[in-house]
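These are my notebook entries on one structure. I set down what I looked up, in the order in which I took it.

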Amino acid sequence: MKVFCGRANPTTGSVEWLEEDEHYDYHQEIARSSYADMLHDKDRNMKYYQGIRAAVSRVKDRGQKALVLDIGTGTGLLSMMAVTAGADFCYAIEVFKPMADAAVKIVEKNGFSDKIKVINKHSTEVTVGPDGDMPCRANILITELFDTELIGEGALPSYEHAHRHLVQANCEAVPHRATVYAQLVESRRMWSWNKLFPIRVQTSRGERVIIPPLELERCPGAPSVCDIQLNQVSPADFTILSDVLPMFSVDFSKQVSSSAACHSRQFEPLVSGRAQVVLSWWDIEMDPEGKIKCTMAPSWAHSDPEELQWRDHWMQCVYFLPQEEPVVQGLALCLVAYHDDYCVWYSLQKTSPEKNGRVHPVRPVCDCQAHLLWNRPRFGEINDRNRTDQYIQALRTVLKPDSVCLCVSDGSLLSMLAYHLGVEQVFTIENSAASHRLMKKIFKANHLEDKINIIEKRPELLTPADLEGKKVSFLLGEPFFTTSLLPWHNLYFWYVRTAVDQHLGPGAVVMPQAASLHVVVVEFRDLWRIRSPCGDCEGFDVHIMDDMIKRALDFKESKEAEPHPLWEYPCRSLSEPQQILTFDFRQPVPLQPIHAEGTIELRRCGRSHGAVLWMEYHLTADSTVSTGLLKPAEDEGDCCWNPHCKQAVYFFNTTLDPRAPPGSSQTVTYTVEFHPHTGDITMDFTLSDALDSGC
């Protein structure tokens, strides 16, 4: 059966109705999931297996049958571990039907159908009794309900319900305990992901400073955690202000509460500085004694950095304090962790909340609009002084005093730069009410509310009256649009340029004047694992899961490139960067497709995991802004990526097997096509079947 799905096209800006398979969303969920990454997490799997064996043994030693409840079973891996360890029966709960169906097949394939019952329900819907899903309560509780924040996937409510309704009192639990750790740091780089810094502009009238509104300065920020691969942040980018502090623990073998709570830890700052950011992670102990531990600690806090396990399904957390606070070395303070049923947040106080009698604050919520419109990388991009200077220098070369400027980008400060650099009149289009409100606040804080005209409408609806009857002599964009996911989605600027063509005066200047699509073939250090088939996992056959992911990847969007912030995922370039398509913004969008095909020569030895694609925007003939590589690769091919943008990765599925020999391909052939009608870029990359290149 086919269904019609309506979705906004991020490149053209139009709403399209597409015919899709009725299970389309399921396939996308599977294709983009972390199942492969979890199955490749050797440390996680091994620790779970050890903890399960120990828990089953403790139950058996008491002369009891081992009855297991496995919540969030996924592939059924942990249930199969339990049966292999001697469990008498397992009830494996999985709410996502395609995964539950796969788990049934995997369990059957491995010969455990008589000992494992897969229940396709949310755990809170499972019933116990003679006519229920389970005849009696379980005495071993196994779960893997954790995200990077530990509780963000609803672990606390699920445990709370399970202890009340599904498991026996004093049951065994794997994991047995979780502990959340925190470390206070000062970091201008990470702080730039949460606050708007002043921007200084040298003009003919002297220095002008663009300042953030007071409302933005006081805003606590977005409530969602910022999860990153913390090991990829340079130690030079932050100063540690405290020791690692254990903030709170949860004992999963006892009744768990999902009620809001706070936990404080007194500490003495190691050095004086400005407290801005809390780095956080957790570990899980699989046994009551804490001998079997799986930790998410970054390298500097890890007990054995050489044995650090790479994983993408669990990373580390960055939390932003509501305001930066000065701290003095040796002067005691309290770091306070708050949590409700799904979120964690932090504050810094002089005394603990228990002593000062303060009630628990509510979860922080953005009330300034900026954190709703700009994500963390966007804040960093706006605060990037080098990038801003590049735009300022380009603007100086093309602006004229009598210019009438129309700025088109979501929540961009370019209109303010243009005004300060002497443009006669500035208009800016803001598509959404949120961006309109935010820019209005920023303009007012800088006394520009009467100088820059905000137009809140779609560009194709623009009328001469909106522009006060004037023709635009300068069309300006970064370009940046909040709907963009892939690098080329910001080609929406080209469609806007086409839509407003009638409003452009003779000889109007467009900046950027052009864009180009670039590609490089890479070998990932670790990221290949998220798309690599697993085959056997801890002795269990999970080929069915591999096949399921492969079928999901056969769907349209999953055949294309996918966005990843590659500054977090080290890789080596095996080829030289290559420009494959160009887009001339000085002309309207063409009617015919733009097509390119060719060959990429591999210059370095390595496994070809995929092609990375990015856009470069040519502000002028002499100034280019890259959303991808920032400089040529070093001798070994190590890549330096723009940290504010996601690059597009096209995985070569044929080479994601870690056993594939290096240097087995010499060339990559490609076909890439831009389709003006839809704004899509379709692509196909094929590895040659050349003999070993001698690497």
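Which residues does Ser242 touch, not counting residues up to four places away in sequence? I find Gln183, Leu184, Phe267 and Leu270, a contact being heavy atoms within 4.5 Å.

On the basis of these entries: I am working with a predicted model, in which local features need pLDDT of at least 70 and side-chain atom pairs count only at pLDDT 80 or more, while totals for chains, interfaces and linings use all residues. Residues are numbered from 1 along each chain as its sequence is written, and side-chain values use heavy atoms, with hydrogens and water left out.

Entry: Ser242. I located Ser242 in the loop between strand 12 (239–240) and strand 13 (245–251). Helices (H or I, at least four residues) and strands (E, at least two) are DSSP runs, numbered from the N terminus. Ser242 has a relative accessible area of 0% and is therefore buried; buried means under 20% relative accessible area, exposed over 50%, and partly exposed in between (1.4 Å probe, protein chains only). I also noted that the Ser242 side chain reaches the backbone nitrogen of Leu184 at 3.0 Å.

Entry: Pro459. This residue sits in the loop between strand 22 (452–455) and strand 23 (472–476). Pro459 counts as buried because its relative accessibility is 1%. Leaving out residues up to four places away in sequence, I list Ile429, Asn431, Tyr492, Val496, Ala499 and Val500 as touching Pro459. Between the C-alpha atoms of Pro459 and Thr498, 39 residues apart along the chain, I read 9.5 Å.

Entry: nonpolar cores. I take a core as a set of buried Ala, Val, Leu, Ile, Met, Phe, Trp, Tyr and Cys residues joined through side-chain atoms within 4.5 Å. The largest has 113 residues, and Leu69, Phe146, Leu335 and Tyr346 have the most contacts inside it. Strand 15 (residues 273–285) supplies the largest share of this core, seven residues. A second, separate core holds 52 residues, including Val408, Phe481, Leu491 and Leu504.

Entry: helix 16. Which residues of helix 16 (residues 543–552) are buried? I find Met545, Asp546, Met548, Ile549 and Ala552. They lie on the same side of helix 16 because they cover an arc of only 160 degrees around the axis, the arc being that of the directions from the helix axis to the C-beta atoms.

Entry: residues 176–350. Over this stretch I read 5% helix and 46% strand, with the end C-alpha atoms 33 Å apart.

Note on methods:
A polar contact is a pair of N or O atoms within 3.5 Å; within protein, one must be able to donate a hydrogen and the other to accept it, and residues adjacent in sequence count only if both atoms are side-chain atoms.
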